Amino acid sequence: MSARIIDGKHLARRLRGRFRERVMALATRGVVPGLAVILVGDSPASQVYVANKVKACEESGVRSFMHRFPADVAETELLDRIAAFNLDAAMHGILVQLPLPPQVDVRRVLESIVVDKDVDGFHLYNVGALVVGNSIFPPCTPYGVQLLLETTGIDVAGKNVVVVGASNIVGKPMALMLLQKEATVTICHAKTRDLARHTIDADILVVAAGKPGLIKEEMVKEGAIVIDVGINRLPDGRIVGDVDFDVVRERASWITPVPGGVGPMTVTMLIENTLRSAERFANGEAFHPPQPFWQVPAR
Ligand code: NAP
């Protein structure tokens with residue numbers, strides 16, 4: 001039997017429909033949620049991602065402040081700009097589009113964003129908070145996957161979850177979030193021997209490797225839930241995930257399409273985190289000027 005489709009576009013639309021109410025409630029308190037977006041260089045993929053984020057802001061009533069830098073920007077220039085945004089009360093979130101050019105230390109840049117505005121959830125404080133289960137801003141892609149899984153109505157507690165991909169922005173936080181939900185989690189990466197031996201045991205398989213066709217039918221357990229985070233552009237221009245969708249859907253119980261699965265949720269969770277940040281400032285849970293991160297109250 002063919003798998004049921006987990007429709008990310010539909011869920012994203014539903015969630016965004018509720019954002020307007022929150023924006024209006026903030027407006028009655030004199031707050032307009034604002035997101036600063038920093039783009040370095042002119043990579044076509046980054047430009048598309050940033051354009052989608054800015055558009056989602058406009059549609060949701062979040063003000064976006066776009067700042068572009070050339071690919072040869074000095075790290076100090078970026079840090080100075082972020083320091084100014086940290087102090088600016090109109091900005092409730094600060095996002096630096098990754099990847100950054102090699103002369104810039106990514107970790108130094110991410111750590112320079114004040115924790116209260118770290119809506120991408122990449123600051124060490126938020127990463128550490130994820131380990132103990134009380135992060136202020138869960139990273140957007142895994143956060144979106146978690147909500148997609150909830151729509152299946154299946155409780156992840158006790159399930160065998162296999163996450164393929166161990167990056168800091170998708171695979172690792174995904175694994176931590178599902179561990180918090182009491183799943184039994186296995187993380188696989190490029191050096192994992194015999195990937196299929198692990199994936200075949202998965203009740204829930206989350207794939208974020210960036211390798212088209214990586215997951216084939218025989219690697220998936222009958223009835224598994226399959227979440228495909230991958231976004232790959234083929235030479236013929238088609239966008240596909242990491243999962244061989246047409247055959248795996250005949251084996252899985254639920255599956256996300258690419259496009260239209262995880263992608264729309266990532267942008268939606270960024271807006272969710274930005275609204276949450278604006279609400280924290282409005283509620284007096286976050287402050288201008290910023291506090292050191294060890295004084296940030298947990299969620
Ligand atoms: P990344 O930083 O390149 O990490 C890829 C991970 O996959 C690494 O941990 C790597 O292992 C692992 N990997 C690579 N080849 C593998 C293989 N053959 N078998 C098992 N593991 C393998 O990529 P990322 O930023 O996490 O993104 C992953 C994919 O998700 C990309 O296609 C990206 O475009 C997509 N993405 C989508 C969204 C969305 O909103 N839908 C958001 C973010 C990313 P090592 O650690 O050993 O190198």
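## Strands 2 and 3

A crossover counts as right-handed if, with the strands pointing away from the viewer, the path from the first strand over the helix to the second runs clockwise. In this predicted model, strand 2, helix 2 (residues 44–60) and strand 3 form a right-handed β-α-β unit. Helices (H or I, at least four residues) and strands (E, at least two) are DSSP runs, numbered from the N terminus.

Strand 2 (residues 34–40) and strand 3 (residues 63–69) run parallel and are joined by 7 bridges; pairing requires at least two bridges found by DSSP. Ile 38 has His 67 of strand 3 opposite.

## Ligand shell

The ligand has 22 residues around it, of which Ala 166, Ser 167, Ala 190, Ile 231 and Thr 266 come nearest. A residue is near if one of its heavy atoms lies within 4 Å. The shell divides into 12 nonpolar, 9 polar and 1 charged residues (nonpolar: Ala, Val, Leu, Ile, Met, Phe, Trp, Tyr, Cys and Pro; charged: Asp, Glu, Lys and Arg; polar: the others, Gly among them). Helix 10 (residues 262–282) gives the most to the shell, with 3 residues.

## Polar contacts and burial

Polar contacts here are pairs of N or O atoms within 3.5 Å. A ligand oxygen atom lies 3.0 Å from a polar backbone atom of Ala 190. Ligand nitrogen atoms take part as well: one is 3.4 Å from a polar backbone atom of His 189, and a nitrogen is 3.3 Å from a polar backbone atom of Val 229. The protein buries 69% of the 930 Å² that the ligand exposes when taken alone (Shrake-Rupley method, 1.4 Å probe).

## Basis

Residues are numbered from 1 along each chain as its sequence is written, and side-chain values use heavy atoms, without hydrogens and water. Local features need pLDDT of at least 70 and side-chain atom pairs count only at pLDDT 80 or more, while totals for chains, interfaces and linings use all residues.

How values were computed
Polar contact = N/O pair within 3.5 Å; in protein donor to acceptor, adjacent residues only side chain to side chain.
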